[in-house]
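Hi,

Here is the structure I promised to pass on to you. Have a look at it first, and then read my notes below.

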Amino acid sequence: MFEKVLIANRGEVALRIHRACREMGIKTVAVHSEADANAMHVRLADEAVCIGPARSTDSYLNKSAIISAAIITGADAIHPGFGFLSENADFAEMVEEHGITFIGPKPEQIRMMGDKLRAREAAINSGLPVIPGSPALATVEDAKKWALEIGYPVIIKAKAGGGGKGMKVAFNETEIETAYTMARAEAKASFTSDEVYMEKYLQKPRHIEIQVLADTYGNVVHLGERDCSIQRKNQKVIEETPSPALNQQQRAEIGEIARSAVEKIGYSSAGTLEFLFEDGKFYFLEMNTRLQVEHPITEAVTGIDIVREQIRIANGAKLGYTQDDITFSGCAIECRINAEDPSTFAPNPGKITEWHAPGGLGIRVDSEIYSGYKIPPFYDSMIAKLIVSGKTRNTALMRLHRALEEFVIDGIKTTIPLHQKIISRPDYIDGMYNIHWLEDLLEKK
Ligand code: MV4
């Protein structure tokens, strides 16, 4: 096993990875910016290296600084967490070129899935259902021709996109030119390529994703689904498993389809296949080649430590179990708690004057926060994840109400009141929501 792992991240995920390493007897190296010297992951790690100034581009995105820190401290592997360099194929390649193990998939797999058209092609070839769509669009005329072929409404997406950036919807031919031009301009501004393609636009889908684990010997299992439809501006807010929208047959079907596709693709490590689900049908969207924020709800219902498995797989271990060995038990829900004004969503960093995390049966809180900690203004505003689980969805919901009430975070504003509002709505309680539900709720006022 690795002796020492460098954690190329910050915040709660850095702590999450540190915890897995500790339990495996692996030493940890924290890296941090000048603004994060007092962070909990820095305090707990065996060693810490300052890799640059506060701005992410100067520190957590600084590939050579991170690799230098790994070399200096003698780390055998780097875990990238999520965000930052976690889906940067060049970084993964650079890490491997220095004789250090990248805890994740092979650089080529990251690269392929980062190109949404290549990912779509791989999905088709491995039996995944995709949304009717086009190849890369060269001109507005091309776009018009494909829209007629596919049928309105259509959505134009960036080939190098993902996460919703650079997407434009057209409901009829008069809207095509603007949608095409704007999608192209946004892609050019945000990504390495300004190429775009088109898909049929699904109007009221749910976002359902399948977690997979694959070792480097071709063994693949799926760990069930997560319903991530409660989102705002492409940021997930609440996730749950199992999805209240699926019956046992649909669940088993999509799980096996995803599992076997990952086997055909030859992917290894943890990964997530994102689908849209509408009118009883699944459509593959993209594959995330990293650990995800919402992984703990899957851990809660399967008992599998996903970070531990990532580390074992990267070290060349076999999964050691098959799909039949995996059992699903109960329901789990995660709330992402952000340091934001819950009515305007403006970031609200600052000093935490008092902190009490809820506890008790079925409660997990993943957070970097401690009393007296000062949240720096330079990074993502997510400061804690509250994960609740129970035998039934009702039990989990009851616990969630109780835990949100018990949570004390003083000194800053947080999105706890938003979560309380969401989980009190009859539609949420009934599991009746799609990807637009939260934004519709917030518009009502
Ligand atoms: C779509 C779609 C409807 N139809 N594609 C947004 C994020 C990116 N991963 C893909 N996204 C979408 N693609 C077709 N053909 C609607 C969305 C979408 C969405 C998807 C998942 C979760 C939240 C979303 C919010 C707005 C739009």
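**A buried histidine**

With a relative accessibility of 10%, His 207 counts as buried, because the cut-off for that is under 20%. Before you go further, keep in mind that this is a predicted model. You'll find His 207 in strand β9, which covers residues 206–214. What is His 207 in contact with, leaving aside its neighbours within four places in sequence? The partners are Arg 226, Asp 227, Cys 228, Ser 229, Lys 236, Glu 274, Phe 275 and Ile 435.

In soluble globular proteins, nonpolar side chains tend to be buried together. Here the largest nonpolar core holds 44 residues, and Leu 386, Ile 422 and Tyr 428 have the most contacts inside it. Several elements supply at least two residues each, including β11 (235–241), β14 (331–338), β19 (382–390) and α13 (416–424). The largest share, 5 residues, is from α12.

**Two helix pairs**

Two packed helices are described by the angle between their axes and the distance between the axes. Take α3 (residues 63–73) and α4 (residues 89–97): their axes come within 11 Å and cross at roughly 30°. Angles under 35 degrees count as roughly parallel, so that is the word for α3 and α4. Their crossing is right-handed. On the α3 side, Lys 63, Ser 64, Ile 66 and Ile 67 take part, and they meet Asp 90, Phe 91, Met 94 and Val 95 of α4. Sorted by type, the residues of this contact are 5 nonpolar, 1 polar and 2 charged.

Now for α5 (residues 107–114) and α6 (residues 116–125), which pack at about 100° with axes 5 Å apart. Are α5 and α6 roughly parallel or roughly perpendicular to each other? They are roughly perpendicular, because 65 to 115 degrees is the range for that. Glu 108, Arg 111, Met 112, Met 113 and Gly 114 of α5 make the contact with Lys 116, Arg 118, Ala 119 and Ala 122 of α6. That contact divides into 4 nonpolar, 1 polar and 4 charged residues.

Most residues other than glycine have a negative phi, and most peptide bonds are trans.

- The peptide bond between Tyr 152 and Pro 153 is cis, with omega about -5°. Pro 153 sits in the loop between α7 (140–150) and β6 (154–158).
- Another cis bond runs from Thr 241 to Pro 242, with omega near -10°. Pro 242 is in the loop between β11 and α9 (248–265).
- Lys 233 is not a glycine, yet has a positive phi of about 50°. Its place is the loop between β10 (220–232) and β11, and at 59% relative accessibility Lys 233 counts as exposed.
- Asp 279 is not a glycine either, and has a positive phi of about 50°. Asp 279 lies in the loop between β12 (269–278) and β13 (281–288), and is exposed, with a relative accessible area of 70%.

Cheers

Note on methods
Residues numbered from 1 in each chain as written. Predicted model: local features only at pLDDT ≥ 70, side-chain atom pairs only at ≥ 80, totals over all residues. Heavy atoms only, no water. Core = buried A, V, L, I, M, F, W, Y, C linked by side-chain atoms within 4.5 Å. Buried < 20%, exposed > 50% of the residue type's maximum accessible area, 1.4 Å probe, protein only. Helix = DSSP H or I, 4+ residues; strand = E, 2+ residues; numbered from the N terminus. Axes fitted to C-alpha atoms, helices over the stretch in contact; angles between N-to-C directions. Parallel < 35°, antiparallel > 145°, perpendicular 65-115°, else oblique. Left-handed = near helix turned anticlockwise from the far one by under 90°. Contact = heavy atoms within 4.5 Å. Nonpolar A, V, L, I, M, F, W, Y, C, P; charged D, E, K, R; others polar.
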